[in-house]
Amino acid sequence: MDKLNVKKIKTDFPILKQKVNGEQLVYLDSAATSQMPVSVEEKIKNFTEINRANVHRGVHTLGLRATNLYEESRQKVADFIGASSAEEVIFTSGCTDSLNLVAASFGEQNIQAGDEIVVSIMEHHSNLLPWQQLAKKKKAQLNFIEISKDGRLDLNDLKNKISSKTKLVALTHVSNVLGTINPIKEAIALAHEKDAVVLVDGAQAVGHFPVNVTNLGADFYAFSGHKMFAPTGIGILYGKKELLDKMPPYRFGGEMIANVTREGATWAETPQKFEAGTPNISAAIGLAAAIDYLNSIDLKLIQKHETELTAYALEKLSNISDSTIYGPKESYERTGVISFNLKNIHPHDLATALDLNGIEVRAGHHCAQPLMESLQTESTVRASLSIYNSKDDIDKLVSSLQEAKEFFSEFR
Ligand code: PMP
């Protein structure tokens, strides 16, 4: 297999050219938001300058062009994630919105008092709070699958936690803190044995390795565009058509109806019944351009690059004395989301020191406070890798960490 040409890829992302605090920018926060290549910007610019109009409304030429582009984007997403048809792809404003859609529609309809919902302890708050709220409202039980010491999902615990009362299992594909790639296919098969429906949070998975929702057997699969080189404000909810067809809409307004009278309304077919109001058309078109960009590089090559770089980073970071790295030690079981701490230095202080050297990382609880509690820490530093990162970036990170360590040791 070929190698990624990182030097060339970097030139696709003009933002990376700049200096920050007088130093060459090293962007290591792609798990929060990835950068956007020129090709995506150009596609959006082209739409704005030539084809901009609302979708699914006018019969005029621009309206038809905009509608075609928007629906072509839907088809592109369906092909990219292996959905059986574009009708299974709903445009949302992001992963959080997709997860809330399932809670507000499927959850409201199907979860009753005494039912059980199962999540893992490594969920992002976006895939926890909708279920916590729903469980409270419906008097249902929320159960947590625990993780092993090295941050892997405990499949035995999953088997114990899923029962005939379980209506829904909501599980992340990849942890946004530990980088763990969960055995989602096995988890789905186990849940299906008990007739539970499975929602996968794919925010940290899509764009990093090939994802095929049909092959996985997922009932629902949610993700965000901005973590895979597309604009902010666009996300996807994939759902099996037979499930979506039975679900009620949860937001009401224009373009989601079949017919409206004074007394009531009937709904459009899926996916339109879930897309009330004017959607984020240009961002949907940008998402299609991001998929073209990913396909032009090849996801298998991206995965190989990120796995190799993760192995390199894990080794270098573990060589720093007094470092704690969270999550699996083997790079093939995880992605390039690397959380760590240096003894006696607060993560925010470290992130600030790194920023002074032009290195952008995230510090905090990463919207995963129950996980932090189980890791017995309040926060971590998180460096997250993408296709535009190289070993040089890791070397700069490590030498800056060493520098920061020396600096802070003077205050002890
Ligand atoms: N789930 C996971 C695993 C995430 O990492 C994130 C973003 N940090 C989300 C959900 C929420 O994504 P968004 O903020 O784009 O809705």
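## A tour from the domain interface to the ligand

Start by selecting Glu-333 and Arg-152: the two form a salt bridge, with their closest N and O atoms 2.8 Å apart. (A salt bridge here is a side-chain nitrogen of Lys or Arg within 4 Å of a carboxyl oxygen of Asp or Glu.) Between domain 1 and domain 2, the count is 1 salt bridge.

Before you go on, note that this is a predicted model, in which local features need pLDDT of at least 70 and side-chain atom pairs count only at pLDDT 80 or more, while totals for chains, interfaces and linings use all residues. Residues are numbered from 1 along each chain as its sequence is written, and side-chain values use heavy atoms, with hydrogens and water left out.

**Show the interface.** Here 34 residues of domain 1 are in contact with 29 residues of domain 2, contact meaning heavy atoms within 4.5 Å. About 2,600 Å² is buried between domain 1 and domain 2, and carbon and sulfur atoms give 61% of this area. (Buried area is the accessible area, with a 1.4 Å probe, that two parts lose on being put together, summed over both.)

Polar contacts are pairs of N or O atoms within 3.5 Å; within protein, one must be able to donate a hydrogen and the other to accept it, and residues adjacent in sequence count only if both atoms are side-chain atoms. Across this interface, 14 residue pairs are in polar contact, both residues at pLDDT 80 or more. On the domain 1 side, select α11 (299-318), β14 (337-342) and α13 (369-374), the elements that give two or more residues to the side touching domain 2. (Helices, H or I with at least four residues, and strands, E with at least two, are DSSP runs numbered from the N terminus.)

**Move to the ligand.** Which residues surround the ligand? Among them are Cys-95, His-124, Asp-201, Ser-224 and Lys-227, each with a heavy atom within 4 Å of the ligand. Zoom in on Asp-201, where a polar side-chain atom lies 2.5 Å from a ligand nitrogen. At Ser-224, a side-chain N or O atom is 2.6 Å from a ligand oxygen. A polar backbone atom of Cys-95 is 3.4 Å from an oxygen atom of the ligand.

**Finish with two loops.** Phe-229, in the loop between β9 (220-224) and β10 (235-239), has a positive phi of about 75 degrees although it is not a glycine. Then select Pro-271, in the loop between β12 (265-267) and α10 (281-297): the peptide bond from Thr-270 to Pro-271 is cis, with omega near 5 degrees.
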